[in-house]
Amino acid sequence: MTTGTPTIPDEVVATVADAGWITVFSGAGMSADSGVPTFRDAQTGLWENFDPATIASPEAWDADPALVWGWYHWRAHLVRDARPNAGHLALAELSSVGAGDDERALMVVTQNVDDLHERAGTPVLSHLHGSLFAPRCSVCDTPYDGPDADSAVEPEGSKHDPRLTPPTCAVCGGAVRPGIVWFGEHLPADAWERAENAFRGADVVLVVGTSGIVYPAASLPERAAASGVPVIEINPEPSALTEVATHSIRAGAATALPALVD
Ligand code: BJW
Ligand code: ZN
């Protein structure tokens, strides 16, 4: 949780206020103030001995599907219990300004697999890395909407072992996998194309709460900056995208975004 109202330079406020097309590029820090651990800080509780970057891989799924399913099941419930924070709500407010007179477009391109932008009232144009709430068959790709995709089932032996056996596909009997893009997997072509278009048309890009180290996602704000689009970073810490940012606001999303919008 971050507190205090940050000072936003007048130039930044004016850039956002004057923009007809704002593209938001969000990462895990966007949801940190909702109590959702960031990707690289997610080793808490039962998961403290596991490396997220290792679990989020096709190799981990092949080696131990119950471990991977248990991890995403835990995270899906954590997100279900979380609520959008003041940063998500500020973006929803920003998207409604000018609505009806075609003056402003707000495009959200997110690396996040949660649904907190949507629950705040902002449609997400592109979920680059998939969703916690769209599991599918690992064999035939059929979407899975069975009873324990989204239920409150506790992991088996949850006191000591976070593993949970994945459900099986009703069509082919294959194991159901999370609808997530793992390291080494291609991003969905349609999500990527929508994201590229959102960056191509932007008057300003807001980079919120990302370490900026995962590609090809991080190349989107890099390319926007290279073509002269102002890039405003909101992150309490420096990131790999700081060097391409026109301005960096060193504050959390839940304090900086309301200050930027008001
Ligand atoms: C706050 C805050 C507050 C805290 N307010 N902020 C080029 C070079 C090198 C490597 C590659 C390359 N191109 C591709 C690769 C390989 C790889 C990659 O990028 N690796 C790097 C790690 C080196 N990329 C891939 O494999 C991608 N696929 C691909 O390239 O396909 C083509 C291909 C296929 C096959 C062969 C060859 C090419 C797929 C990437 C999929 C990423 N998936 C994950 C996991 C799934 C989702 C999940 O489980 O959650 O997505 S990884 C993980 O990182 C997750 C995130 O979406 C993503 C980004 O992380 P994010 O959001 O930035 O979170 P954190 O935790 O890193 O940072 C949080 C930030 O918030 C910090 O900066 C804090 O300071 C800040 N913060 N509190 C604001 N209150
Ligand atoms: Zn199947």
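**View 1. Strand E7 and its covered faces.** In this predicted model, where local features need pLDDT of at least 70, side-chain atom pairs count only at pLDDT 80 or more, and totals for chains, interfaces and linings use all residues, strand E7 (residues 231-234) is covered on both faces. Val 231 and Glu 233 are buried on one side, and Ile 232 and Ile 234 are buried on the other; a residue is buried if 20 or more other C-beta atoms lie within 10 Å of its own, exposed if 12 or fewer, and partly exposed in between, with C-beta atoms placed from the backbone. In a regular strand the side chains alternate between the two faces of the sheet. Strands and helices are DSSP runs numbered from the N terminus, with helices (H or I) of at least four residues and strands (E) of at least two. Residues are numbered from 1 along each chain as its sequence is written, while chains are lettered from A and ligands numbered from 1 in the order in which they are written.

**View 2. The partners of E7 on either side.** Strand E6 (residues 204-208) runs parallel to E7 and is joined to it by four bridges, with Glu 233 of E7 as the bridge partner of Val 207. Between these two strands the chain passes through helix H8 (residues 219-226), and this β-α-β crossover is right-handed, that is, with the strands pointing away from the viewer, the path from the first strand over the helix to the second runs clockwise. Strand E8 (residues 247-249) is also parallel to E7, to which three bridges join it, and His 247 in E8 stands opposite Ile 232.

**View 3. The open sheet and its strand E1.** Six strands form an open sheet in the order E3-E2-E1-E6-E7-E8, with parallel pairing; two strands pair if DSSP finds at least two bridges between them. Strand E3 (126-127) and E8 are the edge strands, each pairing on one side only. Strand E1 (residues 21-26) pairs with strand E2 (residues 105-110) in the parallel sense over six bridges; Ile 22 stands opposite Leu 106, and Val 24 has Val 108 as its bridge partner. E1 is also joined to E6, again in parallel, by five bridges, with Val 208 in E6 as the bridge partner of Ser 26. E1 is mostly covered, since five of its six residues are buried.

**View 4. The surroundings of ligand 1.** The shell of ligand 1 holds 34 residues, of which Gly 27, Gly 29, Gln 111, Gly 209 and Gly 252 are the closest; a residue is near a molecule or strand if its C-beta atom, placed from the backbone, lies within 6 Å of it. By class, the shell consists of 16 nonpolar, 14 polar and four charged residues, where Ala, Val, Leu, Ile, Met, Phe, Trp, Tyr, Cys and Pro count as nonpolar, Asp, Glu, Lys and Arg as charged, and the others, Gly among them, as polar.

View 5. An unreviewed UniProt entry places the feature "active site" at His 129; UniProt positions are given in the numbering used here, feature names are shortened, and annotations may be inferred rather than shown by experiment. His 129 is found in the loop between E3 and E4 and is buried, because 22 other C-beta atoms lie within 10 Å. Leaving aside neighbours within four places in sequence, His 129 is in contact with Gln 111, Val 113, Ile 180 and Val 181, two residues being in contact if their C-beta atoms, placed from the backbone, lie within 7 Å. Ala 191, in helix H7 (residues 189-200), is 62 residues from His 129 along the chain, and their C-alpha atoms are separated by 8.8 Å. Ala 191 counts as partly exposed, because it has 19 C-beta neighbours inside 10 Å.

View 6. For "binding site", the unreviewed UniProt entry lists Cys 137, Cys 140, Cys 169 and Cys 172. These residues span 36 residues in sequence, yet no two of their C-alpha atoms are more than 8.6 Å apart, so they gather at one spot. Cys 140 lies in the loop between strand E4 (130-137) and strand E5 (176-180), and Cys 172 also lies in the loop between E4 and E5. Cys 140 counts as exposed, because it has 11 C-beta neighbours inside 10 Å, and Cys 172 counts as exposed with 12. Not counting residues up to four places away in sequence, Cys 140 touches Cys 169, Val 171, Cys 172 and Gly 174, whereas Cys 172 touches Cys 137, Val 139 and Cys 140.
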